[in-house]
Amino acid sequence: MDSTASAPISFDYPQQNAAGATFTAQAWAKTPPPLVAIEKAQVIARIKELLIAKDAALVAHYYVDGDIQDLAVETGGFVSDSLEMARFGKNHSAKNLIVAGVRFMGESAKIVSPEKRVFMPDLDATCSLDLGCDATDFAAFRALHPDRVVVVYANTSAAVKAQADWMVTSSCALAIVQQLKLKGKKILWAPDRHLGRYIQEQTGADMLLWNGACIVHDEFKAVELEMLIAAHPGAMVLVHPESPKGVVDLADVVGSTSAMIKAVVEGSATEYIVATDKGILHRMRQLAPHKILIEAPTAGNSATCKSCAHCPWMAMNGLQGILNCLENTSGEIFIEEAIRNKALGCIDRMLDFTKNHPDLIAQAQHGFVKNIGAA
Ligand code: SF4
């Protein structure tokens, strides 16, 4: 079986330094070679055997390849957003977790489940938000603002989480920041500037924003989206809050991947324009087969499309990589214990909050969901 990956492709992403200046940096991604049908069937069968034999569970993100999502579901694993992936891994009895997603997701699984061995199909699968927030620069920036509560998005390294008071995901960020604001706290937010700005607008909290961005969501275009909406006047527009303000302002529903799926499943509209990684369409089609899903535009007159609505690092997850984890124990996540312990604090705080305050999470969701009646 050919295990040679494609040639790496470079991607630009914004990186902030300790002084607060932003510059453009570059990272690479590569996709695993496609498997022919017979190879794919063999690899899937072997993975199924080994998941049982090795007491392992497969946890996948909505953005990875549909075959991997299906395999996770079929084998008693899980497909979800990053918050639920971490929670599932923590609560599952398996000794080994295979995390199909990007590096920070594997790290989060290891942080909350140190007794488990955590593996990833490709440890080089990263995220522009994680890359754009270097732990040393972040520490220096944070030291300049000691009066602020540090809230970091899940899309950060363990070393950045170790410096945070709270970790949040897009499912719970609004509710947690709302509560911090009610307590009179000022916030240092990192790394996603678009999500940070959206939460700032919604809550009125005093937030100092790190200047990071997701290279996938940053590419959605408001002008082209407006034209698409005009062509589909009955469509409900679903936007992930990592998208630019002009795109978010056109949304009927602004929310996490889970909230967007819920909107499609429960919504009364026939057509849905979806502004997030197109990997999510696989799950949406399964759960709402009669709905019409339209990808939001990343290309057009004002486009500089590099990502075309699919994360190049999520695309690094392949079936062969999963098999390698199980056969060769490759791709294991290790985190220095002192960092893991510190990072655990901010994740546990978030998990406790979401467990103890489902009412506040649901309430805050009304802030995300503008047209709640239809969603
Ligand atoms: S889609 Fe964006 S936020 Fe998600 S992993 Fe890829 S680069 Fe990071």
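**View 1. Parallel pairing of strands β13 and β14.** In this predicted model, strand β13, which covers residues 271-275, is joined to β14 by four bridges, and the two strands run parallel.

**View 2. The largest nonpolar core, with its 119 residues.** Within this core, the residues that touch the most other members are Leu58, Leu238 and Ile322. Helix α8 (residues 173-182) supplies the largest share of the core, namely six residues. When residues up to four places away in sequence are left out, leucine 58 touches Leu51, Leu71, Ala72, Thr75, Gly77, Ile98, Ala100 and Ile322.

**View 3. The shell of residues around the ligand.** The ligand is surrounded by 14 residues, of which Cys127, Ser128, Cys214, Val216 and Cys311 are the closest. By residue class, the shell divides into 10 nonpolar, two polar and two charged residues.

**View 4. Confidence along the protein chain.** The average pLDDT of the protein chain is 92, and 93% of the residues score at least 70. Over residues 371-375, by contrast, pLDDT stays under 50, and the model has 13 contacts beyond four places in sequence for this stretch. Where pLDDT is low, predicted coordinates should not be read in detail.

Notes. Residues numbered from 1 in each chain as written. Predicted model: local features only at pLDDT ≥ 70, side-chain atom pairs only at ≥ 80, totals over all residues. Core = buried A, V, L, I, M, F, W, Y, C linked by C-beta atoms within 7 Å. Buried ≥ 20, exposed ≤ 12 C-beta atoms within 10 Å, placed from the backbone. Contact = placed C-beta atoms within 7 Å. Near = placed C-beta within 6 Å. Nonpolar A, V, L, I, M, F, W, Y, C, P; charged D, E, K, R; others polar. pLDDT = per-residue confidence, 0-100. Pairing = 2+ DSSP bridges.
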